[in-house]
Amino acid sequence: MKESNPKMLKNWVLKKHNKTFLDWFKDTIFADDNVSKKLRKLADGPKRTVITWQGYDINKYSFYTKAQDEKSTMQHSGVTLRVES
């Protein structure tokens, strides 16, 4: 990037590099038939979907997201477990 734009300031070159790198990387990787599957997945970029859950159970205790908890008709606010040794 610096060679193509020798008169530009370092900050401009860095911003331009960051903006164009992913497209350059993707084009370069997918143009080469000998590239590994792992590198192709990396070049494909991050996935925009994420698996989420409304709640989960750990050691017989249930935990919920705030949104899911607000839907519940039964609340356990202030309940604590005291373990004596």
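Which residues of H1 are buried? In H1, these are Val13, Phe25 and Ile29, where buried means under 20% relative accessible area, exposed means over 50%, and partly exposed lies in between (1.4 Å probe, protein chains only).

1. Basis of the note. This is a predicted model, in which local features need pLDDT of at least 70 and side-chain atom pairs count only at pLDDT 80 or more, while totals for chains, interfaces and linings use all residues. Residues are numbered from 1 along each chain as its sequence is written, and side-chain values use heavy atoms, with hydrogens and water left out.

2. Helix H1. Helices (H or I, at least four residues) and strands (E, at least two) are DSSP runs, numbered from the N terminus. Helix H1 covers residues 10-30, which is 21 residues. From its first C-alpha to its last, H1 reaches 29 Å, close to the 30 Å expected at 1.5 Å a residue; the expected span is 1.5 Å times one less than the number of residues. At threonine 20, H1 bends by about 45°, the bend being the angle between axes fitted to the seven residues ending there and the seven starting there.

3. Packing of H1. The buried residues of H1 pack against helix H2 (37-43). Contact here means heavy atoms within 4.5 Å.

4. Strand E1 (residues 55-58) and strand E2 (residues 61-64) pair in the antiparallel sense over 4 bridges; two strands pair if DSSP finds at least two bridges between them. Glycine 55 has tyrosine 64, in E2, as its bridge partner. The hairpin of E1 and E2 has 2 residues between the strands, and asparagine 59 takes a positive phi near 50° there.

5. Salt bridges. The structure holds 2 salt bridges, each defined as a side-chain nitrogen of Lys or Arg within 4 Å of a carboxyl oxygen of Asp or Glu. In one of them, the side chains of lysine 26 and aspartate 44 meet at 3.9 Å, N to O. This pair links distant parts of the chain, 18 residues apart: lysine 26 lies in helix H1, and aspartate 44 lies in the loop between H2 and E1. Lysine 26 counts as partly exposed because its relative accessibility is 31%, and aspartate 44, at 37%, is partly exposed too. Aspartate 44 also meets lysine 47 in a salt bridge of 3.0 Å, N to O. Lysine 47, with a relative accessible area of 60%, is exposed. Through shared partners, the salt bridges join Lys26, Asp44 and Lys47 into one network.

6. Aromatic pairs. How many aromatic pairs does the structure hold? It holds 3 aromatic pairs. Rings of Phe, Tyr and Trp (its six-membered ring) pair if their centres lie within 6.5 Å; planes under 30 degrees apart count as stacked, over 60 as edge-to-face and the rest as tilted. One of the pairs joins phenylalanine 21 and phenylalanine 25, stacked at 5.6 Å centre to centre with 15° between the planes. Both residues lie in helix H1, 4 residues apart, about one turn of the helix. Phenylalanine 21 is partly exposed at 35%, whereas phenylalanine 25 counts as buried because its relative accessibility is 16%. Tyrosine 56 and phenylalanine 63 form a stacked pair, with 5.6 Å centre to centre and 25° between the planes. Tyrosine 56 is partly exposed, at 49%, and phenylalanine 63 is partly exposed, at 38%.

7. Aromatic cluster. Phe21, Trp24 and Phe25 form one aromatic cluster.
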